[in-house]
Amino acid sequence: MSKSYSLGRTYFLTSLAAVFLFIILFSSFLVYYEYRDFTEKSAQVDEKLLKDGKENLQIMAFKVATFLDNEKSLAEEKLKTQVKNRLGYGMEFIENIYGKYGKTESKEKVTKRLEEAFSDFTFGADSYFFIFDKDFNQVIGDFGIPRSMNLASVTDYRGRYVIREIKDTAMRGGGFVSYQWKKPGESDFSHGKISYVSYFEPYGLIVGTGGYVEDVAEDVKKEALQRIAHLVGSEKAFFYILSDDGKILTHSEDELTGKYIRNIGSTVKQSALRDILDFISDKREGYFGFDWLKQGAVIPSSMAAYNLKYPDWNWVIGFAIYVDDVRRVIDEGKHELQLGLLKSMAIVGLSFLIVFGAAYLIARRFSGMLESEFTKFMDFFSGAAEKGAMIDAESMNYEEFKQMAHYANRMNEENMRKTVELEKAMDAARRASSTKSEIIAHISHELRTPLTGVLGFIELLDGTELDKIQKRFLRIIKHSSSNLVGVVNDILDFSKLETGTLDLNYDRFNPLSTFESMSELFGFMASESGVEFAFYIDHNIPSELNGDVVRISQVLSNFVENAVKFNNPGGYAKLDVVSVGRSDEIVRLRFSVEDNGVGINSEKQAELRRLFAEYDTEIAERFEGLGGIGLSVSSNIVKLMHGEIGFHEAEKQGTVFWFEIDFKIMNQKPVADVERVSDCYSAVYVDDELGEPGVTEQQIMSYLNAFGNETAYFSSLSDIEQLPFLDVVFYVYSESTKDKFLESIRTHEGVPIVMVMDMHRRFEEEGLRKRSSSVLLKPIGLTDIYESVYIAVSYMHDEPAADIKEKGPKSGGFSGTALVAEDNPVNQKMVRLILKELGLESVCVDNGRKAVEAFKQGGFDIVIMDINMPELGGIEAAKLINEYEKASFFKHVPVIALTAYAIKGDRERFIEAGMDDYLAKPVSIDIMRETLQKHLMGGNG
């Protein structure tokens with residue numbers, strides 16, 4: 001077979017194969033697209049029907065649980081009404097006796113008359129009264145202790161707390177006291193009780209009456225079960241409510257209602273209900289599958305149920321659906337999709353045959369046209385040398401190939417030269433890397449050592465008594481310091497410097513407290529430049545998420561700093577955090593920063609879009625004056641989090657920078673429960689010269705509208721007279737508008753006022769501040785508005801506002817003595833204060849040799865050992881301590897490494913040296929508590 005024939009045939013077959021492959025790939029793409037479309041639509045059918053079914057079960061369970069909450073609250077309100085009315089009658093009785101005998105008889109005689117009268121005086125079968133004086137001496141008692149015993153000597157700490165709370169409440173003007181107490185004849189304090197108390201001032205008597213919630217709740221439970229059966233019966237749902245002792249309180253199969261599980265005739269149903277109780281004892285709620293026997297059936301059917309534990313009454317609420325019913329609906333929905341797929345496949349097959357036939361004819365026609373060119377290239381490559389040897393250019397028959405051979409030889413020579421240079425450069429790089437590691441270790445120690453003292457004393461200061469302003473300043477310092485630690489960690493991470501990559505540190509966080517803390521820092525940044533700052537966060541955002549807060553803070557800081565930098569005094573910057581998408585596990589948040597500054601011209605906008613799309617050093621340098629370097633870093637951080645970033649012109653003037661990121665949901669509960677403040681009529685004062693609300697007034701109205709308030713704004717007396725009923729009025733203080741505001745509200749003197757002031761003017765207008773129910777300092781957030789409305793509404797209804805802030809965990813809980821080896825005096829003091837806060841005594845030494853000598857004296861429960869110390873380092877000292885313990889057959893005392901050298905691999909190195917754990921400076925109270933819990937017996941921090 002000749003070479004020409006071989007080349008022509010090869011070209012023919014190659015061309016045909018290429019066309020065949022193209023057709024195969026194209027056909028495969030069409031088939032894949034059709035099949036993917038089929039599977040996606042099929043999956044959507046599956047997902048929608050299954051999701052709808054599961055959500056309906058969950059919604060019904062929540063609906064019943066919400067109904068029970070309302071019913072339970074009725075029991076408490078009923079009891080409160082009874083005890084309050086009962087005490088009113090009792091106080092009238094006391095005042096009558098006092099009015100009759102108080103001026104003619106001694107206090108002792110009148111008190112004796114009260115005691116004798118109240119022993120026979122009742123207001124119903126379950127009524128009782130208790131009376132004691134300010135010194136806790138009993139006059140009339142129902143505390144289950146001897147009458148001669150002084151109440152202050154009660155040994156049970158809960159009893160002492162309740163009695164003192166009763167006294168304090170009565171002397172503040174009276175009110176309700178809710179607590180746990182024991183019933184007559186019982187010893188445990190597990191029964192909920194509500195008392196109403198008052199103070200009889202003439203004789204200094206604390207008078208009260210009360211009752212047990214559970215005594216009222218039983219009737220409420222019976223009525224609730226009847227209404228629940230009617231409530232869900234119209235839904236034609238399979239439902240049940242079980243008690244934790246195995247009684248079926250209500251069931252969609254009426255014959256099971258009122259029975260105990262053990263008394264059911266069907267073993268299948270017994271097993272299913274027992275499994276449900278076992279499941280709910282491990283989990284408070286969730287989906288659960290079981291088998292059930294339909295009426296008249298012999299073979300059990302599978303069911304899917306959503307079960308919810310209602311802990312207040314120890315009830316299990318469940319709704320279920322037969323799995324076969326769901327599958328039947330799904331199969332019907334898929335049939336039409338399958339027919340469409342078959343039609344598409346037939347069309348693709350026919351098209352394949354037509355195109356392949358046409359390609360065969362074309363390829364055969366032109367297969368021999370390039371045979372001569374292929375022959376020339378074969379001659380050239382057959383004469384080329386292998387394995388990097390030079391090509392004999394003079395042996396080439398064509399001048400073009402000779403030139404190509406010369407170029408190939410020159411390329412080989414150049415490559416060999418560069419290979420030698422590259423090997424030299426790699427040797428130099430290895431030496432530089434070793435030097436860099438030593439420098440990094442030194443920087444780590446020098447930066448972390450002072451940070452240890454700063455963060456440690458910030459946490460200790462946070463536990464002291466500070467006023468509201470001091471607390472706010474401290475939160476800003478703490479947030480900034482934590483960000484600084486995060487930045488130091490990134491700088492010092494050796495792996496990042498080696499690979500040029502940036503790691504994300506995901507952790508759980510509360511978005512409300514986190515972003516409000518950031519906003520306080522941004523607010524002070526803006527106020528220094530005379531720029532108004534406003535912050536808005538969506539109250540429906542989940543209360544706990546997972547993400548890298550330090551990185552998000554970096555991006556937001558850059559956006560806000562640019563909004564302030566390129567603005568004028570009197571301008572504004574607004575930060576909004578809202579939810580733009582949500583599933584069961586993921587929520588997508590949009591962060592946007594708007595300003596009314598100078599804006600960006602069209603040319604710069606085009607370059608900035610290129611900068612966001614792909615980092616370009618030249619563009620970044622041109623944008624340095626416009627935050628270019630920071631904006632580029634921000635763009636890279638957002639992309640690393642798989643988010644989106646962009647900007648656009650503001651509606652009137654200025655620019656809006658934004659980015660969106662997905663967060664994993666750790667707690668579905670929203671950051672704020674607005675039901676407590678939703679039923680409220682609010683008004684916001686606006687200066688009539690402005691004609692519309694300013695940025696702070698708009699922020700306030702946005703929050704009020706989000707809470708479900710009916711909100712309006714006013715500028716004059718005539719405006720507010722159109723609002724005859726108001727719960728609260730908001731006023732952003734300005735010296736120029738104060739008189740106008742006071743004139744506007746003179747017909748609504750009783751309405752609570754929430755006044756918003758600048759931080760630097762917080763001591764002005766003492767009279768107006770006292771007149772206000774709340775005074776907020778800029779920048780304000782959701783928590784400020786929420787608490788202000790709640791306090792104002794409580795004030796209007798003459799009810800004490802509840803403490804709606806979460807309290808932090810208490811420290812303490814450990815006992816014993818720690819040996820602390822630390823050469824830095826500031827860090828010595830900080831570690832000792834943290835240990836004392838957690839309940840441990842401590843002994844400090846300033847080097848490793850003293851630590852070993854002190855340890856041999858005995859009496860220590862744990863050792864905190866700094867690594868870098870004079871005379872003898874921490875690692876050597878830990879080895880000597882371990883050797884001493886083994887030689888003396890002593891019980892091992894945990895040794896915890898404490899170091900500022902936070903480089904990867906340190907933990908493993910310290911553990912291998914004989915230490916039990918590792919703490920990187922700076923150390924917080926929480927990290928110290930967690931470490932002590934792992935290594936000290938009985939730690940309950």
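Buried is under 20% relative accessible area, exposed is over 50%, and partly exposed is in between, with a 1.4 Å probe and protein chains only. Contact is heavy atoms within 4.5 Å. Helices (H or I, at least four residues) and strands (E, at least two) are DSSP runs numbered from the N terminus.

This is a predicted model, in which local features need pLDDT of at least 70 and side-chain atom pairs count only at pLDDT 80 or more, while totals for chains, interfaces and linings use all residues. Residues are numbered from 1 along each chain as its sequence is written, and side-chain values use heavy atoms, without hydrogens and water.

The whole chain, briefly. The secondary structure comes to 25 helices and 27 strands. The protein chain has 941 residues, and 43% of them count as buried. For contacts between residues at least 6 apart in sequence, 64% join residues at least 24 apart. The chain exposes about 51000 Å², with carbon and sulfur atoms supplying 53% of that area; the areas are Shrake-Rupley values with a 1.4 Å probe, and for residues only the protein chains shown count as cover.

Back to α5. The helix covers residues 267–282, which is 16 residues, and spans 23 Å from its first C-alpha to its last, close to the 22 Å expected at 1.5 Å a residue. The expected span is 1.5 Å times one less than the number of residues. Which residues of α5 are buried? They are K269, Q270, A272, L273, I276, L277, F279 and I280. As background, an α-helix has 3.6 residues a turn, so residues three or four places apart point the same way. At the N-terminal end, S266 caps α5, with a side-chain oxygen 3.4 Å from the backbone nitrogen of V268. A polar contact here is a pair of N or O atoms within 3.5 Å; within protein, one must be able to donate a hydrogen and the other to accept it, and residues adjacent in sequence count only if both atoms are side-chain atoms.

Five strands form an open sheet in the order β7-β6-β10-β9-β8, and the pairing is antiparallel. Two strands pair if DSSP finds at least two bridges between them. The edges are β7 and β8; each has a single partner strand, so one side of each has no neighbour in the sheet. On average, neighbouring strands are turned by 25° against each other, direction ignored. Axes are lines fitted to C-alpha atoms, for helices over the stretch in contact, and angles run from 0 to 180 degrees between N-to-C directions. Helix α5 lies across β6, β7, β8, β9 and β10, at about 165° to β8.

Within that sheet, β6 (residues 238–243) and β7 (residues 248–251) pair antiparallel over three bridges. Their hairpin has four residues between the strands, and G246 there takes a positive phi near 95°. On its other pairing, β6 is joined to β10 by six bridges, again antiparallel. What stands opposite I241 in β10? I317 does, and in β7 the bridge partner of I241 is T250.

Strand β26 (residues 895–899) pairs with β27 in parallel over four bridges, and I896 stands opposite D917.

N567 lies in the loop between α12 (549–565) and β14 (572–582). Buried or exposed, and on what grounds, is N567? It counts as buried because its relative accessibility is 10%. The N567 side chain reaches the backbone oxygen of Y572 at 3.1 Å. Beyond neighbours within four places in sequence, N567 contacts V531, Y572, D595, N596 and G597.

R769 sits in helix α19 (residues 766–771) and is partly exposed, at a relative accessible area of 22%. Leaving out residues up to four places away in sequence, R769 touches M755, M757, R762, F763, E764 and V775. R769 and M757 are twelve residues apart in sequence, with 9.8 Å from C-alpha to C-alpha.
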